[in-house]
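Hi everyone, thanks for making time today. Let's bring it up on the screen.

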Amino acid sequence: MASTSTSRSESESRLTHVGSDVNSTHSHSVKFSPRDTFEIEETAAYPTTRPRPKQWQNRLRRAFWLDHPRVRRIWLYIRGPRPKVDLPDPTPFLSLTFYAGGKTRSIALEPTWIRLTRWFTNPWLFVVLAVGYIIGFAFFARAQSFLTPADSFIGCTATYWAANDGCGLNGDACGPFGNASFDFRCPAQCSQVVLQNPRTVGDEQVDFVPLIVGGGDERGTYRGDTFICAAAVQAGLISDSKGGCATLELTGNFTNFLPFTANGLSSIGFPTVFPVSFRFLPTTSLRNCSDYRNEALAFNALITALLFLVLRPKPIVLYWCLVCIGFWHVSLFSQPQASPPPLDVAFQQFLPALFVAYAFWRLAFRFTLPAFRKAPIEATVWYLAPYWVGVLTNITTDKIPIDRLVASDITARPGGLTALIIIIIILLVIVINQVRVIRKTGWLPWYLGWYIAGGLVTLVLSQLPGLELRIHHYILAMVLMPGTGFPTRLSAIYQGFLLGMFLNGVAAFGFDSILQTPADLRRDAPLGSDLPSFVTNSTNYNASIPFLNQSIFWNALPDGEAWDGFALLVDDVERYVGTALNYSLSALDPTLIHFFRLAVGILPSSCIAFPHYRRLLTHTSLPLPP
């Protein structure tokens, strides 16, 4: 408990040495405060007499009506107690009292557990076990990612047909289209990787599902732009929870891809021809293909529980163990940035993450974590449960229909706006309660000042031309963490979750910028510009003329537009790029239905290949029956 001395150095302190011996009349323990968070210590005494207000302070009081009785009462309430006070240590919940035979029996579970496990708190035992953990974790990571050939790893969105304009005119850049096989390994949880923007297949648009086209025929033939790993899960060749290896063969042109549903995934159909397709073979030559992320999670969760319950190192050592375990679990197991995990990139992000983590310790954890050193069972519950929820943000928030905190994503996905409102309400309740706690200590004006300053800086940044504000979840953790530096159970819960969320964001995505260009945020979504239009449509198409003698026509570009050419997709394959206003159907199969999509772009001076166009726009579609 903090000293009750009235000196300023003690009255403005923050609880750090929780449970230390305190003399009721003379206290010489070192105290810290938010104002000197990054100072080593503060031992100088301050004068006990209050200095007279300076002239500028008097003018400031008059400007803000602080001398008005009602305004002054509001200000005094917001300011909180003077001198500032420290919050008391939380009293352990796990102290049970029984009444039997007229006598009272008390069982203090926390002290009993501390007494039973005190032999395991030797620092040398911790050092030996830490070395053993690092070695064991290294072998675990080796079995996870480094026993399979590196060139066999593919991501959850890997396809044989590049998105957008990646395959070029007639798909030549993606050839050859047949007589080839490929052994591959997929990570776990690929069924959860979905399209974030609408993708057009024939006359259908799909989004927020894995892209799977076909697979319903007897031989299980998939279109070339199908997500390979999701298709392998649907075909039953690999497990969604464990990943796995398989082999596919390219089969070239194929007509009439049939839809079907299996293993929790559904594909869509495509009734016409596509130049590249593939089928899975029943066996593969690859070995050591299982994804051990679930086993790694159980292992690391057990280790962190032992740290809190049994080994119980000093709070600062315990904190750094959480930082390192969480970061490398995300980097190597739960959400690596690539497969196999790029260790150079992980170490590149690790050092700056440690600097931010040190700031978290100075600003928040050192005021809260030591307060639970006499309640290890409670600390395990309050810290570890939300900590692992934050570390596994990619899984725990998967069902929330919000991918990024940008307006286009929130409005595009069903339920996104409702989910955002619920999150804001929950966050508002948490903030109000934490403000109430901070006010009790007298530090609320200090915190308000810094948060208002940070808000103003963010407002200025958001107005920079050509850039848009993007609040990544690691930034959200950095913003909220300083307000949790108080010895309460709720603060412990908030700290655990925010630390886990920060580690997930940095390890999985790096320190992405708070400002991004519209092109970065758009991904492969439409630009939203004016659309080209077909002259030929279902009302003026002359079916009496033989199909092979027909042409389709479209309107010229309007005056004043920056575009100077067209791209025509026939059956989802780019077949024409140039300035003409028509396309002959003589090369098409008259027995099949065909789909036409038209886009506009900027042509280069010496090349008309689609890769030189701007991103494919929202297009006009024209299906023509046989």
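Before we look around, one term: a cavity here is a set of grid points where a 1.4 Å probe fits but cannot get out, and its lining residues have an atom within 4 Å of a point. Please also keep in mind that this is a predicted model.

So, how many cavities of 30 Å³ or more does the structure hold? There are 4.

Let's begin with the largest cavity, which has about 100 Å³ of space. Its lining is made of 14 residues, and those closest to the centre are Gln-144, Phe-153, Pro-187, Asp-291 and Ser-339. Which elements supply at least two lining residues each? They are helix H5, running over 123–145, strand S3 at 178–186, and helix H8 at 315–334. If we sort this lining by class, we find 8 nonpolar, 3 polar and 3 charged residues.

Now on to the second largest cavity, with a volume of about 50 Å³. You can find its lining on your screens: Ser-331, Leu-332, Gln-337, Pro-341, Pro-342, Leu-343, Val-345, Ala-346 and Ala-507. Helix H8 turns up here too, and both H8 and helix H9, at 343–368, supply at least two residues of this lining. Which helix gives the most? That is H9, with 3 residues. By class, this second lining has 7 nonpolar and 2 polar residues, and no charged ones.

Definitions and conventions
Residues are numbered from 1 along each chain as its sequence is written. This is a predicted model: local features need pLDDT of at least 70, side-chain atom pairs count only at pLDDT 80 or more; totals for chains, interfaces and linings use all residues. Side-chain values use heavy atoms; hydrogens and water are left out. On a 1 Å grid over the protein atoms alone, a cavity is a set of points where a 1.4 Å probe fits but cannot get out, and a pocket is an open set with protein on both sides within 12 Å along at least five of seven lines; lining residues have an atom within 4 Å of a point. Grid points are joined across faces, edges and corners, and a volume is the space filled by probe spheres set on the points. Helices (H or I, at least four residues) and strands (E, at least two) are DSSP runs, numbered from the N terminus. Ala, Val, Leu, Ile, Met, Phe, Trp, Tyr, Cys and Pro count as nonpolar, Asp, Glu, Lys and Arg as charged, and the others, Gly among them, as polar.
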